[in-house]
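Keep the 3D view open as you read.

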Amino acid sequence: MVDYVFEYKGKNYQVKFVLNKRSMRRVSFKIVDNNIVCYAHPLSSYNSLVKIIEQHKLSLVHMYDRNQQSSENYIYIFGEKLPIIFQNNIYSISGYGSYKNEIEKEHLLARLLNRYIDSRFYVLEKLMNVKRDYKFIIRKMKTRYGTNSIRTNRITFSLELIHFSPEIIDSVIIHELAHDSYRDHSIRFYNVVYQYCPNYDILRNKMVKGEFK
């Protein structure tokens, strides 16, 4: 499948396709060697993938730009920019922990995010009078910050949320819990969101722009 190039603010972004994952149910994106790579089922059509790219191109642009600007000298944790100290083959984030490689780093960030969401999820669930008994998990997702599965009563949060401020994380939790009442993104749905997060639009706009706080 030929690459797809989309334009955003006068700059071209190239998307490569990898269609060898038969177990995939959803399309996913990743930055590999400074390229945007789209992973999808082998039977996915080119036009359907292009449609998804166009729908999410703003998120893809910010994902690409964040990757270009990433540095092993610092990291954003809960909206705060913190230095990463490398000593004796160990990376340390002051006040949060240490790791030796990328796998250990992901595990550390997942534990930190899980601890925060666990402290807020059930509080907000009770406050919003959520009817279903939801469980939550954290996994790597590049184009979505959260998903709500009515089939499994499970809400999935993106590991990327670890970089954002607690207020922004709460807005995503509220958004996903609001789907307990309405599965779509109708006016009624957003009325529920605004009831518990009046400045949701401001916080959402920060996420779209890649602002962590």
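Start at Asp3, which sits in the segment before strand 1; helices (H or I, at least four residues) and strands (E, at least two) are DSSP runs, numbered from the N terminus. Before going further, note that this is a predicted model, where local features need pLDDT of at least 70, side-chain atom pairs count only at pLDDT 80 or more, and totals for chains, interfaces and linings use all residues. Residues are numbered from 1 along each chain as its sequence is written, and side-chain values use heavy atoms, with hydrogens and water left out.

Back to Asp3. With a relative accessible area of 29%, Asp3 is partly exposed; buried means under 20% relative accessible area, exposed over 50%, and partly exposed in between (1.4 Å probe, protein chains only). Which residues does Asp3 touch, leaving aside those up to four places away in sequence? They are Gln14, Val15, Lys16, Phe17 and Tyr46, where contact means heavy atoms within 4.5 Å. Take Phe17: it is 14 residues from Asp3 in sequence, and their C-alpha atoms are 6.6 Å apart in space.

Now follow the chain into the strands. Strand 1 (residues 4-8) and strand 2 (residues 11-18) run antiparallel and are joined by five bridges; two strands count as paired if DSSP finds at least two bridges between them. The two form a hairpin with two residues between them, and Lys9 in that turn has a positive phi of about 50°. Tyr8 has Lys11 of strand 2 as its bridge partner. On to strand 4 (residues 35-39), which runs parallel to strand 2 and is joined to it by four bridges. Two of the residue pairs to look for are Val15 with Ile36 and Val18 with Tyr39.

Put together, this is an open sheet of four strands in the order 1-2-4-3, with mixed pairing. Strand 1 and strand 3 (28-32) stand at the edges with a single partner strand each, so one side of each has no neighbour in the sheet. Ignoring direction, neighbouring strands here are turned by 35° against each other on average; axes are lines fitted to C-alpha atoms, for helices over the stretch in contact, and angles run from 0 to 180 degrees between N-to-C directions. Helix 1 (residues 46-55) lies across strand 1, strand 2, strand 3 and strand 4, and runs at about 20° to strand 1.

Further along there's another open sheet, with three strands in the order 9-11-10 and, again, mixed pairing.

Strand 10 pairs with strand 11 (residues 154-158) in the antiparallel sense, over four bridges. Gly146 has Phe157 of strand 11 as its bridge partner. Also in strand 11 is Thr156, which is buried at a relative accessible area of 6%. Not counting residues up to four places away in sequence, Thr156 touches Ile137, Arg139, Met141, Tyr145, Gly146 and Thr147.

What about the helices around this sheet? Helix 3 (residues 102-127) lies across strand 9 and strand 11, at about 155° to strand 9. Helix 4 (residues 166-178) packs on the sheet too, touching strand 10 and strand 11, and its direction makes about 150° with that of strand 11.

Helix 4 also meets helix 6 (residues 200-209): their axes come within 10 Å and cross at roughly 110°. That makes the two roughly perpendicular (angles under 35 degrees count as roughly parallel, over 145 as roughly antiparallel, 65 to 115 as roughly perpendicular and the rest as oblique). On the helix 4 side you'll find Glu167, Ile168, Ser171, Val172 and His175, facing Tyr200, Leu203, Lys206 and Met207 of helix 6.

Last, the cysteines. Cys38 is buried at 0% relative accessibility, and Cys197 is buried at 5%.
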